[in-house]
Amino acid sequence: MADLTGGRLVARVLKQAGVGHVFTLCGGHILPIYDGCLDEGVAVIDTRHEQAAAHCADAYARLTRGIGVAMVAPGPGVTDAVTGVANAFAARSPMLLIGGAAPLGLRGLGALQEMEQVALLRPITKGAFTVAEARQIPEVLTTAIRTALSGRPGPVFVEIPVDLLMTTLEDRLAPIPTAYVHRPRGAAEPAALETLGRLLADAERPVVVAGGGIWWDDAAAALTAFATRAGVPVFMSGAGRGALPAGHPNAFAQARSMALARADVVVVLGTPLDFRLGYGRPPTFAGDAKVVMVDVDAAELGRNRPLALGLAGDLGVILRQAVDVVPTSMASRVAPWLTAVRAEEVQSRQRLAVFCAADDVPITHYRLAAEIARVVSPETIVVGDGGDVVGCASKIVALHRPGQWLDPGPLGCLGVGPSFALTAKLLHPDRPVILIAGDGALGRQRRRLGADPQSAALVLRRGARRGHLAAGHALRSAGGGARRARRARARAARPRPGAREGARQQRGLVCQRRPRSGRLPEHGDGVDGDLS
Ligand SMILES: Cc1ncc(C[n+]2csc(CCOP(=O)(O)OP(=O)(O)O)c2C)c(N)n1
Ligand SMILES: [Mg+2]
């Protein structure tokens, strides 16, 4: 039997949930949790803005496929974190935001930093809770964690009044629940598998689109087995990128528009039919294409487009089941289609190769991406934060395994990059981390980076005004853009052996910032990190 503060109870719940680090910007209302973290051995990473803390927790969740935690002061601390929570909500990232709150005993009297927080967070979380009594802290927190991790993952919010965090109580009065998260791996029913088998048997031009669900359900191996057996081209997006390594014969990146527009059967795995897929409608998808969708969230099935088949469950389990219903002759039957998609892929690559080799000053987005691609190994984690610069990089930078690529997700929040990259480095100190950030995206965060960028390699893109626009217009339009494309091709054709690299560095177009000193705090180091 021991006496614990409410703050210590919070830390104990987090420790038991496997949380190694929490991200914060300090505030008096949450000090008892810091003390608890010191006692329990949970590292506290201090940032310079609550939005950065929320983005770090989001990244922590994505990289660990577990719960990521940010703790912030009440009132403005919570409102500052809202953007990070909203981004995590759209990206289905299971982060827990713990908000301090004015003392329960002073509620409604106009206490410092007091405001209605639960109602603010409710529409952008899977659940927003308030703790009404110190002994309920473990129950409410574990309910929140279970909510975040169950089914379709997503963020949750818990506010804890400061007087409850300071209350001391006997540990037997507030036992910490165990075995409180269960993630049943839903399978497809036999009738649905039969339907899938028939759809595949009739398909002449099948296409698979694999999204972040593949990463969350750890389904890359199952996807590879299915794609290989069916001989079907696979296009990957978001955290699903890299599920099939770039060199795999069924992996494609550039021919997506052509393949989707011509496909007669599209299998959409773990990604919604949102703007990224043209809402599943023409002209992105053919009007009469038969669409099969598999998602952990049944509410996504049939959104924006009628489906030939909708399956809710675990992507790994269902893909392994699907392998058994692929007709044996399918791969050879659809081989001409795979060849046609490959031809389009090669052609598209050749079109971009001109821009990837261009010596333009300022450097083109494609050239920058091509240079980065040269140093990306299976170990590298690549973070994309920006507009066109990231769109171009996603076409050029080849990935080798899932979970290698992090970007904001469908909310498209500029400025996640530094937090994502530094969290990646925190969790994987031995792996190279590259942040590809637009000047716009990085400009929002530059000051917050100030103190110690630790050991992430930051690739800074300068002078972006012309870069991609020149290339993009040349690709898309027949007017002045085509002239620019011809000029770019001519420039690229001029061989200047050896000169390129040196000149590029001399002009400082791409610069690598490496750490001078310092490290992120380890377990139990306490509030001494500095990362924003
Ligand atoms: C927080 C936030 N503010 C504004 C936007 C709107 N927005 C989308 S792309 C973009 C410009 C991005 O510029 P940069 O990072 O330099 O990338 P570029 O497109 O120039 O390569 C803006 C402002 C956004 N997505 N997120
Ligand atoms: Mg820019």
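**Helix packing and the nonpolar core**

The model is predicted, with local features requiring pLDDT of at least 70, side-chain atom pairs pLDDT 80 or more, and totals for chains, interfaces and linings using all residues. Residues are numbered from 1 along each chain as its sequence is written, while chains are lettered from A and ligands numbered from 1 in the order of writing.

H3 spans residues 50-64 and H17 residues 417-427. Their axes come within 8 Å and cross at roughly 50 degrees. Axes are lines fitted to C-alpha atoms, for helices over the stretch in contact, with angles from 0 to 180 degrees between N-to-C directions. On the H3 side, the contact involves Ala52, His55, Cys56, Ala59, Tyr60, Leu63 and Thr64. H17 contributes Ser419, Phe420, Thr423, Ala424 and Leu427. Contact requires C-beta atoms, placed from the backbone, within 7 Å. This contact of H3 with H17 has eight nonpolar residues, four polar and no charged ones (nonpolar: Ala, Val, Leu, Ile, Met, Phe, Trp, Tyr, Cys and Pro; charged: Asp, Glu, Lys and Arg; polar: the others, Gly among them).

A second pair is formed by H1 (residues 6-16) and H2 (residues 31-40). The angle is about 50 degrees, and the axes lie 7 Å apart. This crossing of H1 and H2 is also right-handed. Gly6, Gly7, Arg8, Val10, Ala11, Arg12 and Lys15 of H1 meet Pro32, Ile33, Asp35, Gly36, Cys37, Asp39 and Glu40 of H2. The contact of H1 with H2 comprises five nonpolar, three polar and six charged residues.

The largest nonpolar core holds 157 residues. Such a core joins buried Ala, Val, Leu, Ile, Met, Phe, Trp, Tyr and Cys through C-beta atoms within 7 Å. Ala70, Leu96, Leu223, Val266 and Val383 touch the most other members. H3 gives the most to this core, with eight residues. Beyond neighbours within four places in sequence, Val266 contacts Val207, Val209, Leu260, Phe285, Ala289 and Val291.

Overall, the chain has 21 helices and 19 strands (DSSP runs numbered from the N terminus: H or I, at least four residues; E, at least two). Of its 532 residues, 50% are buried (20 or more other C-beta atoms within 10 Å; exposed, 12 or fewer; partly exposed, in between).

Key:
Contact = placed C-beta atoms within 7 Å. Left-handed = near helix turned anticlockwise from the far one by under 90°.
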